[in-house]
Amino acid sequence: MTVCDYGYAPLPGEPEGKGIPARVTAARGGYFHIVCDSGQGVARLKASAYRDGREPPVTGDFVRLEWNPVGESRILQTLPRKSCFKRLDPSSSGRQAQVIAANFDFVFLLMSLNQNFNVRRLERYLALTWESGAKPVVVLTKTDLLRGHKRFLREAGRVVADVPVHAVSAKTGAGLEELSPFVQPRTTFVLLGSSGVGKSSLINALAGEEWMPTMEIREWDGKGRHTTTERELVMLPNGAMAIDTPGVRELGLWDAAGGVERTFADVEAFLGHCKFSDCRHETEPGCAVRDAIASGKLSRERWEAYQRLLRETALQESMQSGVRHARQTSTHRFRRT
Ligand SMILES: Nc1nc2c(ncn2[C@@H]2O[C@H](COP(=O)(O)OP(=O)(O)OP(=O)(O)O)[C@@H](O)[C@H]2O)c(=O)[nH]1
Ligand SMILES: [Mg+2]
């Protein structure tokens, strides 16, 4: 197995460096599980290379390292990322962004077809994904638990525009083959979704065997959740790679700012057409947004969801920049229209 089998391909402009390329498959308390052309092993950071508060690598990162066949290897450098998820670091009171997984091609947005299905949540996941730089794939899980799931496919399809939506059952295998275009050798997908929606079960079903631990949950009260506690990259038998994650809520606050516009492109199409350029879409005459809602071209729920997400991301942005008056920021963003 080579590092190229693990998806390594130098990015344009990637600096030549010392050491050999490797991929981080897990990061635990200062230790990094890595794979490279010479084999698998454990590595630590070369302290002098990660001075000045330089962020350590995360699961999925490509790095350059000094390989040690008999002990710990030394990581010299984190290579540029093609995609990543960021959250606001809880240890910095939410003021600094922290990368939590990197270099994935697809993001599987999982929702199970019980009480977990929620289009508003789907919009959030989508914004996170567009911000990450990877491509979203909506995966509705546990289709075996209900009779017809077409309604959910339609409902999801309405809010995600041209993003693919699939319905699967890890239990019966139904629909799994539809995911095969995204589960290809040398490509990586990451799974996002609440605890208990079946992320690890989906990996196992795609692998054809028990690769990740899962736990029985009681569907009616959700007991038995939070089975996966770390982000870990595993290679499936066909050479595709999966990054399993804990439930989204457990990952903390997320940075979705740039993804909101793309997620709500249909809503944003109505902006900029109001009579007044600083229209707040409240009581002003000639408001294109309110007209669109009144004529049924734009659903009120979707408009409100858009506003909510904008407010949230504005709040996060202001926390990051240390500005306390989040309200002003969000008002400013509304006026951008
Ligand atoms: N009926 C049915 N149950 C499923 C399916 N997929 C997963 N489950 C069950 O759902 C429960 C949770 O599955 P997991 O795969 O552990 O869920 P997870 O998303 O990885 O959960 P965390 O690791 O806690 O984030 C287990 O009881 C699984 O057996 C499915 O397709 N159908
Ligand atoms: Mg899990």
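Predicted model: local features only at pLDDT ≥ 70, side-chain atom pairs only at ≥ 80, totals over all residues.
Is helix 1 mostly covered or mostly exposed, and how many of its 14 residues are buried? I looked, and helix 1 is mostly covered, with eleven of its 14 residues buried. I count a residue as buried if 20 or more other C-beta atoms, placed from the backbone, lie within 10 Å of its own. Helices (H or I, at least four residues) and strands (E, at least two) are DSSP runs, numbered from the N terminus.

Residues are numbered from 1 along each chain as its sequence is written, while chains are lettered from A and ligands numbered from 1 in the order in which they are written.

Next I listed buried residues of helix 1, among them L122, Y125 and W130. Just after helix 1, I found G133 with a positive phi of about 95°.

Then I turned to the strands. Strand 8 (residues 106-112) and strand 9 pair in the parallel sense over seven bridges (pairing takes at least two DSSP bridges). From strand 8 the chain crosses through helix 1 to strand 9, and this β-α-β crossover is right-handed: with the strands pointing away from the viewer, the path from the first strand over the helix to the second runs clockwise. Strand 9 (residues 135-141) is mostly covered too, with six of its seven residues buried.

Last, I looked up V138. Leaving aside neighbours within four places in sequence, V138 is in contact (C-beta atoms, placed from the backbone, within 7 Å) with residues including L109, L122 and A156.

Note on methods: Contact = placed C-beta atoms within 7 Å. Buried ≥ 20, exposed ≤ 12 C-beta atoms within 10 Å, placed from the backbone.
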